[in-house]
Structure formats: structure tokens, C-alpha cells
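Student: I have a new structure to look at. Can you walk me through a few of its features?

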Amino acid sequence: MNKKHFSVRSLVRCAMIAAVYTVVCLVLQPFTYGAVQFRVAEALCLLPVFGAEYIVGVTLGCLLANALGSTIIDVVFGTAATLIACLCTYALRNIRWKGLAIPASFPPVIANALIVGAFEITVFFSDSAPSAALAVFNAVSVGFGELVCCTVLGVALVRLIESNRGLRKIFLDE
């Protein structure tokens, strides 16, 4: 495969992932935003397991979803959390537990629990004065949603792609 063809495929994949992330967030808006959230699109944070190009697509999707459905504060902090999570997921891409990408699912859980839950929601969106107890509560709340979406759905998505020849061809250029 020549380099130009690869670049076009990568660009298209990034755009498609960004679009899917954005649409899933907006369609599932009641579950996507807020202190208690199950952002199903966060399962896509595990795609960097297949290559660095997915970092761009997922981060761009998060930025667009936050810009269209949330606040400028979430655009900044939520997108930063997703970028950090995707970079760390990429770093853990070759580490498996019982053949599954479970270790790679933890960075999105941790980054979002700390940045979005403990900091963003506690400081900017709480009705009461920020406190350590509130920060812990928000971190656990966001972290639980991320755990379900990334460690359950995201790991299942990676497994599905790895076990399906057609999907491997789409996601891995096989």
C-alpha cells in the first residue's frame, strides 16, 4: 500500500470515528452529559489499541460532541481528558489480560474520573461549595460510567474487531 493511499484511509477513518463519536453522544444526550453519565461513545477510546491515528479521531469526536452538546468548560476539560486517555491507551496497546485489552481500558476511566468528575463537575457544576467528599463522589460517579462504557463495551469492541476478518480489514488495513 502506498503512503498516499494510507494517508487518505487514515484521514477517512479519523473522520468517521469523530462522526460516530459525535452522533452517538448527541443521540444519547440524556446519558452522555452530567454528573452521572454513561457516555457510550467512550468505548471508542479503546481504538488507539489499533493505531495512533485513532487518537485524533476519538479526540476530535469528543471535542465536537462537547461543543455541540455541552459547555465550553467541557470542551476544554472533557476533551483534554479524552486526549490523555487515548494517549495512555495507545501506550498500553500491547498489554493484555487473558487475551483482552483490559489494561488499555483503564486510562479513560481514570482520566475522566479525575479530570471530569473530581475536578470539572465539582468545581464548575456543583450547587454547593467544592469539597473533598463531593470530588470523590463525582469521581466515582463518572468513573463508574466510564468503567461500564470502556472496560465492558470498549474491550468487547476491540475483541469484536480483532476476531472479525472484515472489521480487521477496515480498522487495521489487513
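The questions below take up a surface patch, some helices and some ring pairs.

Student: What kind of model is this?
Tutor: Keep the origin in mind while reading. Local features are described only where pLDDT is at least 70. The model is predicted.

Student: Which helix gives the largest share of the nonpolar patch?
Tutor: The patch lies on the surface and consists of Phe 106, Ile 110, Leu 114, Phe 144 and Leu 147. Together these residues have about 470 Å² of accessible area. Two helices, α5 (102-124) and α6 (132-163), each supply at least two of the patch residues. The largest share, three residues, comes from α5.

Student: Is Leu 114 buried or exposed?
Tutor: Leu 114 sits in helix α5. Exposed means over 50% relative accessible area. Leu 114 has 51% relative accessibility, so the label is exposed.

Student: And Tyr 21, buried or exposed?
Tutor: Tyr 21 belongs to helix α1 (residues 3-27). Leaving out residues up to four places away in sequence, Tyr 21 touches several others, including Arg 39, Leu 44, Val 58 and Thr 82. The cut-off for buried is under 20% relative accessible area. Tyr 21 has 0% relative accessibility, so Tyr 21 is buried.

Student: How far apart are the end C-alpha atoms of helix α3?
Tutor: Helix α3 covers residues 53-69, which is 17 residues. At 1.5 Å a residue, α3 should span 24 Å. The model agrees with that, and the end C-alpha atoms are 25 Å apart.

Student: How do the rings of Phe 38 and Phe 144 pair?
Tutor: The whole structure holds five aromatic pairs. In the pair of Phe 38 and Phe 144, the ring centres are 5.8 Å apart and the planes stand at 85°, so the pair is edge-to-face. Phe 38 lies in the loop between α2 (29-32) and α3, and Phe 144 lies in helix α6, 106 residues apart. The geometry, again, is edge-to-face.

Student: Which residues do ring pairs link into a cluster?
Tutor: Start with Phe 119 and Phe 124. Their planes stand at 85° and their centres are 5.8 Å apart, so they pair edge-to-face. Phe 119 is partly exposed at 34% relative accessible area, and Phe 124 is partly exposed at 37%. The cluster is Phe 77, Phe 119 and Phe 124.

Notes:
Residues are numbered from 1 along each chain as its sequence is written. This is a predicted model: local features need pLDDT of at least 70, side-chain atom pairs count only at pLDDT 80 or more; totals for chains, interfaces and linings use all residues. Side-chain values use heavy atoms; hydrogens and water are left out. Patches are made of residues with over 30% relative accessible area and no salt bridge: like charges are joined within 9 Å, nonpolar side chains (Val, Leu, Ile, Met, Phe, Trp, Tyr) within 5 Å. Accessible areas come from the Shrake-Rupley method with a 1.4 Å probe; for residues, only the protein chains shown count as cover. A salt bridge is a side-chain nitrogen of Lys or Arg within 4 Å of a carboxyl oxygen of Asp or Glu. Helices (H or I, at least four residues) and strands (E, at least two) are DSSP runs, numbered from the N terminus. Buried means under 20% relative accessible area, exposed over 50%, partly exposed in between (1.4 Å probe, protein chains only). The expected span of a helix is 1.5 Å times one less than its number of residues. Contact means heavy atoms within 4.5 Å. Rings of Phe, Tyr and Trp (its six-membered ring) pair if their centres lie within 6.5 Å; planes under 30 degrees apart count as stacked, over 60 as edge-to-face and the rest as tilted.
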